[in-house]
Amino acid sequence: MNTIAIIRNSAAKSSRRLLFASSTTSSSHRTLLTAANHFRIPSANTFLSLPFSRQLGFVIKPNWDSDFSIPVRVACSSNVRNFSTSVENRVNENNFERIYVQGGVNLKPRVVERVDEEEKSVNVGVVEKAKIEESEAEREAWRLLKGAVVSYCGNPVGTVAANDPGDKTPLNYDQVFIRDFVPSALAFLLRGESEVVKNFLLHTLQLQSWEKTVDCYSPGQGLMPASFKVRMVALDGDNLEEVLDPDFGESAIGRVAPVDSGLWWIILLRAYGKLTGDYSLQERVDVQTGLKMILNLCLTDGFDMFPSLLVTDGSCMIDRRMGIHGHPLEIQALFYSALRCSREMLATNEGSSNLIRAINNRLSALSFHIREYYWVDMKKINEIYRYKTEEYSMDATNKFNIYPEQIPLWLMDWIPEEGGYLIGNLQPAHMDFRFFTLGNLWSIVSSLGTPRQNEAILNLIEAKWDDLVGHMPLKICYPALDNEEWRIITGSDPKNTPWSYHNGGSWPTLLWQFTLACIKMGRIELANKAVALAEKRLPLDSWPEYYDTRTGKFIGKQSRLYQTWTISGFLTSKMLLKKPEMASMLFWEEDYELLEICVCALNKSGRRKCSRGAARSQILV
């Protein structure tokens with residue numbers, strides 16, 4: 001047995017698990033430090049993941065005898081190729097942490113494949129690195145984006161949220177956020193640069209199994225971190241180690257778990273394969289396991305009667321209290337997209353058959369639920385206006401007991417004749433009629449909405465251009481909460497004042513999703529108009545995070561400058577407009593097979609007929 005013991009002072013003991021990598025010449029290996037009294041060993045299904053097998057020169061494929069297991073992950077080095085790891089639990093030893101490196105324990109390598117030192121470059125598929133003329137704004141944006149790249153052990157692993165040299169108090173804007181990195185990843189992939197994206201996907205996968213605890217309570221396995229930061233830590237003597245320090249919500253405002261992180265990770269994993277042609281990444285055992293962990297967390301049975309995900313306030317891009325707790329559209333659209341991605345990427349075998357069946361059933365139920373109950377246009381609003389309430393019946397029209405008085409006065413005059421949208425939230429006796437841009441755009445991209453609904457959403461944006469775009473695309477939501485509503489719903493949040501930040505602020509990062517939706521629906525002229533508007537202002541305003549006022553005229557009062565996803569969102573939009581054929585790899589068309597799946601079994605119970613068959617004919621029009 002080869003045993004490495006690392007003893008640390010109890011005062012410096014951390015409850016986190018950190019991924020360590022040496023930055024000194026005297027220690028060239030990476031070490032996984034684990035708080036021994038918090039770590040549990042999985043059963044015999046434990047396996048070793050080696051995400052940096054390229055550096056090692058070999059790949060280990062472990063046995064995989066079960067459908068689901070918890071991975072023990074370690075980073076690799078040049079002298080660890082003959083070892084596997086096992087971490088021993090020391091419940092009563094609180095003053096030190098130990099690592100046991102044992103040959104052959106808990107690992108039975110089945111296949112060892114040699115990888116050439118000069119590995120062939122990843123097949124970039126249809127991505128071409130043809131030089132296309134770039135504007136001055138694009139050249140500046142690329143310079144800034146590359147300057148925001150974060151390295152870990154000499155390898156790029158992501159981009160910081162903001163990189164303003166004049167900001168002396170960056171808070172957590174110097175971290176790599178999963179949701180923020182998505183437009184950066186797409187920009188790099190569309191340019192044919194995939195290394196940073198692959199590293200990001202693998203490192204965040206490693207962090208997935210890190211310990212995450214708030215007040216002695218741990219959330220379910222499979223949760224992805226909201227962000228991570230590369231830190232330098234002194235271990236012993238003068239040796240400094242690089243560590244990846246994840247945040248699962250323990251440090252976030254309100255201590256809210258990032259529900260959308262895992263969903264964005266799945267979406268990005270699919271995009272990586274589509275844009276590079278390298279599907280080997282998603283086929284890896286550790287990646288397949290991480291994917292299953294996220295899906296099991298999302299598909300866990302609960303008390304809810306709806307197929308939509310139930311979440312708390314602040315669990316997505318709107319990460320402060322804004323009255324979106326319940327079943328917000330943004331989460332449902334990302335959830336639907338992640339399920340469709342997973343349906344494509346999951347390895348089909350006996351062990352995954354139940355999970356694939358659950359995905360199909362959930363997709364079918366979720367699409368029907370959103371299309372039928374979240375959609376509003378002039379006709380639907382008039383129907384709600386005439387609702388009868390307190391209906392106790394299996395055949396009730398007003399299934400959620402919505403009171404007509406909930407229809408806000410602004411909506412009656414605002415909704416156009418030819419447009420419509422998906423409302424922000426639906427719960428018993430409550431409809432949030434605010435227009436949330438990300439949720440509606442991603443419903444178009446993922447085909448969560450019907451073709452007719454998707455077209456109507458863009459019609460509404462075009463008709464209400466001054467309200468939703470104004471001087472800077474695009475409003476995160478409309479309208480803003482004000483007066484008593486603002487005080488009650490936000491708790492008098494000084495950052496979310498009316499027409500600022502999440503409360504009706506304008507966010508340029510939404511531009512890439514708008515561009516993608518427009519290309520899908522054949523409305524490129526709308527995307528060109530919005531991109532041209534942003535290109536005039538963003539470089540002059542130093543690429544702000546968001547804009548304030550009703551029309552987005554002023555830079556946000558607390559907006560960070562040189563915000564990375566503002567920069568990358570602009571670049572991704574420009575590249576998609578130059579290569580619109582690439583957009584087809586990032587969106588989904590209508591899946592008619594899903595419309596044929598019905599799992600309610602009402603036709604067998606005899607209690608009543610399923611409403612899906614009757615609704616299908618009008619949904620597909």
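How many of the 17 residues of helix 8 are buried? In this predicted model, the count is 15 of the 17, so helix 8 is largely enclosed by the rest of the structure. This helix runs over residues 329–345 and reaches 24 Å from its first C-alpha to its last, which is close to the 24 Å expected at 1.5 Å a residue.

Helix 10, made of residues 378–385, shows another pattern of burial, for its buried residues are Lys380, Ile381 and Ile384. They cover an arc of only 100 degrees around the axis, which puts them on the same side of helix 10. An α-helix has 3.6 residues a turn, so residues three or four places apart point the same way.

On the helix 4 side, Val197, Lys198, Phe200, Leu201, Thr204 and Leu205 take part, and they meet Trp265, Leu268, Leu269 and Tyr272 of helix 5.

A last stop is Glu590, which lies in the loop between helix 19 (580–583) and helix 20 (592–595). With a relative accessibility of 13%, Glu590 counts as buried, because the cut-off for that term is under 20%. The side chain of Glu590 is joined to that of Arg371 by a polar contact of 2.8 Å, while the C-alpha atoms of Glu590 and Ser446 are separated by 8.3 Å, although these residues are 144 residues apart along the chain.

Notes:
Residues numbered from 1 in each chain as written. Predicted model: local features only at pLDDT ≥ 70, side-chain atom pairs only at ≥ 80, totals over all residues. Heavy atoms only, no water. Helix = DSSP H or I, 4+ residues; strand = E, 2+ residues; numbered from the N terminus. Buried < 20%, exposed > 50% of the residue type's maximum accessible area, 1.4 Å probe, protein only. Polar contact = N/O pair within 3.5 Å; in protein donor to acceptor, adjacent residues only side chain to side chain. Expected span 1.5 Å × (residues − 1). Arc of directions from axis to C-beta. Contact = heavy atoms within 4.5 Å.
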